[in-house]
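Reader: Please show the structure, and then let us go through it by question and answer.

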Amino acid sequence: MTDIKLNFSKNLQNFRKVWGMSQDRLAKHLNVKRSAVGAYEEGRALPRFDQMLRISNKLGFDIETLLTKDVYKEGGGA
């Protein structure tokens, strides 16, 4: 798995859990199937840019940070 997918998948999964949000709820927010959120969190896929933008806005991080850093370990907002 590439660093970009790994970082994004970890960040998404960790922050979703911190929010207390289910994969179903996040999927509804992004207007995708729950299986798509699972694929994002497992690093099998990345969301479309518009979905990634929504996620980054919700998390309070820019897209570059979500893709290139492990923000959860760095204490960047959780």
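**Helix 3 and its surroundings**

Author: Gly43 comes after helix 3 and has a positive phi, near 75°. The model discussed here is predicted.

Reader: How many helices and strands does the chain have?

Author: From the N terminus on, the elements run α-α-α-α-α. The count for the chain is zero strands and five helices.

Reader: Is helix 3 largely enclosed by the rest of the structure or largely open, and which of its residues are buried?

Author: Six of the eight residues of helix 3 are buried, so the helix is largely enclosed by the rest of the structure. Buried means under 20% relative accessible area. The buried residues of helix 3 are Ala36, Val37, Gly38, Ala39, Tyr40 and Glu41.

Reader: Which helices are included in what covers the buried residues of helix 3?

Author: The buried residues in question run from Ala36 to Glu41. Their cover includes helix 1, helix 2 and helix 4.

Reader: Which residue meets Glu41 in a salt bridge, and where does that residue lie?

Author: Glu41 belongs to helix 3 (residues 34-41), and its partner is 25 residues away, so the pair links distant parts of the chain. Both residues of the pair are buried.

Reader: How many salt bridges does the structure hold, and which pairs form the others?

Author: Arg48 and Asp50 meet at 2.8 Å, N to O. The number of salt bridges in the structure is three.

Reader: Which residues make the contact between helix 1 and helix 4?

Author: Helix 1 contributes Phe8, Leu12, Phe15 and Trp19. An α-helix has 3.6 residues a turn, so residues three or four places apart point the same way. From helix 4, the residues in contact are Met52, Ile55, Lys58 and Leu59.

Reader: Which residue forms an aromatic pair with Phe15, and what kind of pair is it?

Author: The structure holds one aromatic pair. Its rings are 5.8 Å apart, centre to centre, with 55° between the planes. Phe15 lies in helix 1 and its partner in the loop between helix 4 (49-59) and helix 5 (63-68), so the pair ties together parts that are 46 residues apart in sequence. Both residues are buried, and the partner of Phe15 in this tilted pair is Phe61.

Reader: Is Ser56 buried or exposed, and which residues does Ser56 touch, not counting residues up to four places away in sequence?

Author: Ser56 is in helix 4, and its relative accessible area is 3%, so Ser56 is buried. Ser56 and Leu66 are ten residues apart in sequence and 7.2 Å apart, C-alpha to C-alpha. With residues up to four places away left out, Ser56 touches Phe61, Asp62, Ile63 and Leu66.

**Helix 2 and the whole chain**

Reader: Where is Asn31, and what is its phi?

Author: Asn31 sits in the loop between helix 2 (23-30) and helix 3. Its relative accessibility is 68%, so Asn31 counts as exposed. Phi of Asn31 is positive, in a residue other than glycine, and is near 60°.

Reader: What separates the C-alpha atoms of Asp24 and Ser35?

Author: Asp24 is in helix 2 and, at 44% relative accessibility, is partly exposed. Asp24 and Ser35 are eleven residues apart along the chain, and their C-alpha atoms are separated by 8.8 Å.

Reader: What percentage of the chain is buried, and what percentage of the contacts with a separation of 6 or more joins residues 24 or more positions apart?

Author: The chain has 78 residues, and buried residues make up 41% of them. Among contacts with a separation of 6 or more, the part from residues 24 or more positions apart is 55%.

Technical notes
Residues are numbered from 1 along each chain as its sequence is written. This is a predicted model: local features need pLDDT of at least 70, side-chain atom pairs count only at pLDDT 80 or more; totals for chains, interfaces and linings use all residues. Side-chain values use heavy atoms; hydrogens and water are left out. A salt bridge is a side-chain nitrogen of Lys or Arg within 4 Å of a carboxyl oxygen of Asp or Glu. Helices (H or I, at least four residues) and strands (E, at least two) are DSSP runs, numbered from the N terminus. Buried means under 20% relative accessible area, exposed over 50%, partly exposed in between (1.4 Å probe, protein chains only). Rings of Phe, Tyr and Trp (its six-membered ring) pair if their centres lie within 6.5 Å; planes under 30 degrees apart count as stacked, over 60 as edge-to-face and the rest as tilted. Contact means heavy atoms within 4.5 Å.
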